[in-house]
Amino acid sequence: MTDTALKSPASLKGNGNPSPVGGTDRPILKQFGPGLITGAADDDPSGITTYSQAGAQFGFNLLWLMLLTYPLMSAIQMISGRIGRVTGCGLAANLRAVWPNPLVLFLVGLLFIANTINIGANLSAMGASAELATGLPSVPVTILFAALSLLLQMFVPYHRYASYLKWLTMVLLSYVAVLFVVKIDWTAALKGFVMPSMTANVDTFTVIVAILGTTISPYLFFWQTSQEVEEMEEKEGAQPLRRAPRQAKRELRRIRIDTFAGMAVSNLVAIAIIMSTAATLHTSGKTEIATAADVAEALKPIAGNFAFALFSVGIIGTAMLSIPVLAGSAAYAAAECCGWAGSLERKPAEAIGFYSVIAAATVLGLAVEFMPIDPIRALFWSAVINGFVAVPIMVGMMTVVSRHAQMKQFTARPLLVVVGWTATAAMAAAAIAMLIYR
């Protein structure tokens, strides 16, 4: 297979605002990028709701699961980044080399539907949180947030926008800060990691499946692969590693550092949310959570105004971080399937199809709030779609990363392959169980 056969629309553009090829000789903070943003975007309001439900319903007893998800999500996201940096193409372009194009288009269509539902849920959570914190009506605030997110994606060049997203990940520290506000039974928390007390029933299994589904999501695969391509095209002299193997050592090491750090942030925040809700909501007898905003409201009388404020700020910040990832991942995938120019570095007039998908996902997501749809039910079916879409995509990713024709000498090492296939098997089991045990 030639490089031309894999060429993605984003990679057809020239470099803008180039900077030197990155590597491990740069300061450690400069090495964080796609992996950190991807990990942080995983903790969106939908994920916050899932982790809060786990803590409220089961206390500290599902903390062990986060020790399992960390290596699995790290492996699959590292494979995503590796594919992008080695081939210089997005994930959809690479999948078209191993799956028929109609199948890839079908999967991308399902990805768009699931992402749109998630965008709607995240916008709704932002509006509700802002109303709780400020008293302003949620509907106009939600519309304002949607418009702001869309305008930033369309009119701020990628090299600047990516730096905004990177700094926005700092808002996740608010959830860690909550742990210092509430009273934690650290002995019980430690027991939840190593000796949990659990009953094997439908409720337990449903939450476990939900956690797996919210930590290993297809939109994150597409986003990190495409962002590695964007990052490469913004560095002077950078080329796909299959064509420039001398750059491989430092770039692959950077991807490992970035991804391990990003997934660690994602899991640490999830642990903080489970622990804080276990220590407050579970101990006070509140075991049912409907939305992320409900969690913030419930924390107020139990943990005080400061914990409430931290949780509310976190919801708004993580939603602002995750919405462009959700919309952008669908746009990258659609552009690669349809042969459109697709890059956040381009102006809207230069990538009409790409930005049309971003706008459609955001506007339709906003419309979800005004539809007579149960948001929790919608999120459940979004998780089902994601679960079933993830499996063939992950199978395709594992095939790509093991193919010499696409990866040349940079096929994945045996340990990464084993953990990647383990993650794929876990998602397949979760997808089937989600239907059986619901």
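Predicted model: local features only at pLDDT ≥ 70, side-chain atom pairs only at ≥ 80, totals over all residues.
**Entry 1: surface patch**

**Entry 2: helix H10**

Next I looked up helix H10, which covers residues 202-215 and has 14 residues. From its first C-alpha to its last, H10 reaches 20 Å, and I noted that this is close to the 20 Å expected at 1.5 Å a residue. I then asked which residues of H10 are buried. The list I wrote down holds Thr-204, Val-207, Ile-208, Val-209, Ile-211, Leu-212, Gly-213, Thr-214 and Thr-215.

**Entry 3: salt bridges**

I turned to charged pairs and asked how many salt bridges the structure has. The count came to four.

The pair I took up to start with was Glu-251 and Arg-85, whose side chains meet in a salt bridge at 3.2 Å, N to O. Because Glu-251 lies in helix H12 (residues 248-284) and Arg-85 in helix H3 (residues 64-87), this pair ties together parts that are 166 residues apart in sequence. I recorded both Glu-251 and Arg-85 as buried.

I then went to Glu-228 and Arg-254, which form a salt bridge with their closest N and O atoms 2.8 Å apart. This pair also links distant parts of the chain, with Glu-228 in helix H11 and Arg-254 in helix H12, 26 residues apart. Are these two partners buried or exposed? Glu-228 counts as buried at 1% relative accessibility, and Arg-254 counts as buried at 1% as well.

A further salt bridge in my notes runs between Lys-235 and Glu-251, where the closest N and O atoms are 3.7 Å apart. Here the link goes from strand S2 (residues 235-236), which holds Lys-235, to helix H12, which holds Glu-251, across 16 residues. Lys-235 is buried with a relative accessible area of 4%, while for Glu-251 I noted a value of 0%, again buried. Taking the bridges that share partners, I found that Arg-85, Glu-228, Lys-235, Glu-251 and Arg-254 are joined into one network.

**Entry 4: Glu-230**

Staying with helix H11, which spans residues 218-233, I looked up Glu-230. Glu-230 is buried, with a relative accessible area of 0%, and I asked what its side chain makes a polar contact with. The partner is the side chain of Tyr-332, at 2.7 Å.

**Entry 5: cysteines**

Last, I searched the whole structure for disulfides and found zero. Cys-337 is in no disulfide, and the nearest cysteine sulfur to its own, that of Cys-338, is 6.2 Å away.

Technical notes: Residues numbered from 1 in each chain as written. Heavy atoms only, no water. Helix = DSSP H or I, 4+ residues; strand = E, 2+ residues; numbered from the N terminus. Buried < 20%, exposed > 50% of the residue type's maximum accessible area, 1.4 Å probe, protein only. Polar contact = N/O pair within 3.5 Å; in protein donor to acceptor, adjacent residues only side chain to side chain. Disulfide = S-S within 2.5 Å. Expected span 1.5 Å × (residues − 1).
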